[in-house]
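Hi,

Here is the structure I promised to pass on. Have a look at it first, and then read my notes below.

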Amino acid sequence: MKPIQDIYPLLTTPHNVVITTHQKPDADAMGSSLAMYHFLTSFGHSVTVVSPTNWAKWLDWMPGAANVIDYELQRDRGEAALKQAQWVFCLDFNVLIRTKHMANTLRAGAYDRILIDHHQQPEIGVFTWGISDTGKSSTCEMVYDFIIGSGYGDRITPAMADCLYAGVMTDTGSFRFPSASAAVHRMVGDLKERGLRHTIVHENIYDNFLENRLRFIGHILLHRMDLFYEYNTALISIPKKDLLRYEVKTGDTEGLVNYPLSIQGIKLAALVIDRDEERKWSFRSKGDFDVNTFARNYFEGGGHYNAAGGRSSDPLDVTVQHFIEAMRKNALQLQ
């Protein structure tokens, strides 16, 4: 994988470009993709954003979101774009399997794949150019660095600033997490000077849900959260019937795993959701408990030191028991 800087001299030559990200994209994935979309379009590149799956409706406000192709629903359009592509930017993921049904097509394509990502253990061999930096707060921060580093920071528009801020804000927990470095705050200051509307972004991200989501969260916290104080751990397990009862849509469970961390003494928070095809896990931690390693060791997952995800093909009750056993095996680290 050649350094990402090597692509800078090529930016002024128009290419057919696809930008893609991980399945079920969050604000960082969608924000980085759309900011890059607007940036590359300004050079005359033909750019298409292809998401492997659908995304939360509360991301539809992002400038350019209406043009994003949902590969699961519009496979013919997605395949056509990839067939014509010369460059494929891979943002906010670093192993092709994270693109679900797109993975085989992405691997087989003759185009140059370009990585910009901040997760651990990248699949470096499949990328022509790229940068992988686990020290960065978000992929949006890295896209901002890419734009500034290219020498074309003057092309950042208010629309791009809004997209970039959304990803940085959410991936830092509204600037709460240690990843919110001085460089992140300098970036936000620069984006404000370029037209960032931070209040509107906050409203679109956090004040854009239906009533049923709030009632769903209340039900979950009251009935589906278990606390293991001897292990400084909280577990939320959500059965499929709860998703159906409250008509939960993509994005409605975003951030739910963080709630137990507000409880005094809790060091590890885990969330498991009973999806149709598998059980999806999310892990968050405080301090020196490494949920990336925990997810990789027990739940076919990974991510960051204090934030990771995983999966299980086991039934909900079985995978919950597996978690409890894993928690007990890590008792010393959880003290």
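Let's start with strand 9, where both faces are covered: Thr 233, Leu 235 and Ser 237 are buried on one side, and Ala 234, Ile 236 and Ile 238 are buried on the other. That makes six of six residues buried in this strand, which runs over residues 233-238. By buried I mean under 20% relative accessible area, with exposed being over 50% and partly exposed in between (1.4 Å probe, protein chains only). Strands (E, at least two residues) and helices (H or I, at least four) are DSSP runs, numbered from the N terminus.

Before going on, a word on the source: this is a predicted model, local features need pLDDT of at least 70, side-chain atom pairs count only at pLDDT 80 or more, and totals for chains, interfaces and linings use all residues. Residues are numbered from 1 along each chain as its sequence is written, and side-chain values use heavy atoms, leaving out hydrogens and water.

Now for the neighbours of strand 9. It pairs with strand 8 (residues 225-228) in the antiparallel sense over four bridges; pairing requires that DSSP finds at least two bridges between two strands. Across that pair, Phe 228 stands opposite Thr 233. The hairpin of strand 8 and strand 9 has four residues between the strands, and Asn 232 takes a positive phi there, near 55°. Strand 10 (residues 268-274) runs parallel to strand 9, and six bridges join the two. Here Leu 235 stands opposite Ala 270.

Helix 7 (residues 198-206) is worth a look too. Its buried residues are Val 201, Asn 204 and Ile 205.

Of its 335 residues, 52% count as buried. Its C-alpha trace spans about 60 × 40 × 40 Å along the principal axes. Of the contacts (heavy atoms within 4.5 Å) with a separation of 6 or more, 66% are between residues 24 or more positions apart.

One last thing: an unreviewed UniProt entry carries the annotation "domain: DHHA1" for residues 246-326. UniProt positions follow the numbering used here, feature names are shortened, and annotations may be inferred rather than shown by experiment. Over that stretch the chain is 23% helix and 27% strand, with its end C-alpha atoms 31 Å apart.

Cheers
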